[in-house]
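I opened the file today and kept notes on what I looked up. The entries follow in the order I made them.

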Amino acid sequence: MASAISQNSLPEKSVQSDSHSKLEKRTSSESSLEGFDVVENPAMEARVWRKLDLRVLPVVAMFYFLSFLDRTNVANARVAGLQTDLKMTNKEYSIALTVTYVPYIVAELPSNLLLKAVGPNLMLPTMLTLWGIVTTLQGVVKTYSGLLACRFFLGLLEGGVFPGLVLYLSYFYPRYKMNLRVTAFFASASLSGAFSGILAYGIIHMDGVGNRPGWSWIFILEGLFTFLFGLSSYFTLPRSVDKTWFFTQEEKDYVNAKLLSDNAQKDEDGFSWKEVLEALKLPQLWFCNIAFFCSGTILYGLAYFSPSIIQSLGYTAANAQLMSVPPFAVACVVSVIASFISDRYRCRGIVSIVSVIFCAIGFAMFLGSKSTHVQYGSLFFSITGAYTVAPTGSAWNANNASPQTRRATVIAFGFVMTNSGGILATWLLGSLSPAPRYTKATITLLVLSIVAMVFCTANLCYLWSQNKKKAEKRMTMVSREEEKQGLGNHSAWYIYNL
């Protein structure tokens, strides 16, 4: 069997090679560790990533699709009569959304740290199955307090999903292949925004079936599907590369070699609180976190209130559901294209900056015009920008921390900040800034877009300067063996993704 790493690249381990190997080309340009020399087989390269893209990525994408759908379908239910039937004020509606985010935020870090120990093949399906039950129960609540209880447990069970999925994908893909995959499953969030509008338009016509209002069927039908998919995912998610049933041993060795060369699996033995603290010392963590708070406020503001914003432009409740589809559909397509560019040219920072500029353009259009057509058109810019910067920023954040515990911490804190922005979003539109102009909210979101752009730029400049220093340090060293073990992303051979 062909070895995926040459013998001189791993002095501490005996690695056997096959003289009949078809692995012809050595590449170190794609590796973050120049001290390792990955032997690449083009046919193997295409085959292993294609298998993962067909077997793992669709399941992961469906996880996030259902997560976002079940968390934000309350926006469609509100337009369909939820707020009226439960006699909620705008303030009480905002409280119901906020209740979701408190346990959501609290669960993110411990969930990510437990993921490896428990096993993603057990933990992720369990969370999905349980929140499917909770989503379904939202459809049978008759009181405001019942809705609050459901939203609390929904947040608790969903909290670890997005950071967990990003961390899970890093077990299978090298850093330079991550953004397209993260975007592929995050694009399902914008797809859920489009799909929920179409679905809600059809479901609300079930009003009166079973003596239930149309909005209750939105929760019941979507929750039941989530529950069933959660049960099926116990049999479809592999725990790790070595536990995949669709790889041959040679393919497992090749993928593990690529991950090792990318420093994705090196220099760590088990969990360490020291690595959690090391993560909190990283400047790039805080640059990204401030940008994440800003972009999170924008993202969830649009996710929760787009149907209401569109309805305030003069559309009926049913038509508002349908008119929410095009902006999210465009966002889905653009985010995938942007992720391809980001992976192809290794320019995550630039893509993030351009994305928040799109947000700023959209909010400026909405604020500066009284034309309902222009205001509706502005959503194509703001929603596209928000749904593009989120996956690109997430991949950028995950790419620049190592080893795994440090990366898990960085990812989790990033989502803590994103969802903290979600709390602000639940109050900005409706409660603090009334329809139809949402003036204070729009100004705030415009300012947050500019702040996010500034900190994305600061992070890009910082990482560029660190790469320059690392290059200078490598010039003074003969090999990586001169460095002490356990440096992770502080290693001179660990090149930050820009």
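What share of the contacts in the protein with a separation of 6 or more do residues 24 or more positions apart account for? I found 80%, where contact means heavy atoms within 4.5 Å.

**Entry: ground rules.** I noted that this is a predicted model, in which local features need pLDDT of at least 70 and side-chain atom pairs count only at pLDDT 80 or more, while totals for chains, interfaces and linings use all residues. Residues are numbered from 1 along each chain as its sequence is written, and side-chain values use heavy atoms, with hydrogens and water left out.

**Entry: overall.** I looked up the secondary structure and got 18 helices and two strands; these are DSSP runs numbered from the N terminus (helices H or I, at least four residues; strands E, at least two). The protein has 498 residues, and 59% of them count as buried. Buried means under 20% relative accessible area, exposed over 50%, and partly exposed in between (1.4 Å probe, protein chains only).

**Entry: helix α5.** I checked α5, residues 120-138. Its 19 residues reach 27 Å from first C-alpha to last, close to the expected 27 Å; the expected span is 1.5 Å times one less than the number of residues. Because 14 of its 19 residues are buried, α5 is largely enclosed by the rest of the structure.

**Entry: cysteines.** I searched for disulfides (pairs of cysteine sulfur atoms within 2.5 Å) and the structure holds zero. I also looked up C347, which is buried at 13% relative accessible area, and C359, which is buried at 1%.

**Entry: backbone.** Most residues other than glycine have a negative phi, and most peptide bonds are trans. I therefore listed N211, whose phi is near 60 degrees, and which is exposed with a relative accessible area of 77%. N211 lies in the loop between α8 (178-203) and α9. Y438 also has a positive phi, about 50 degrees, but counts as buried at 5% relative accessibility. The loop between α17 and α18 holds Y438.

P436 lies in the loop between α17 and α18 (439-475), and a cis peptide bond joins A435 and P436, with omega about 5 degrees. The bond from S402 to P403 is cis too, with omega near 10 degrees. I placed P403 in the loop between α16 (372-399) and α17 (404-428).
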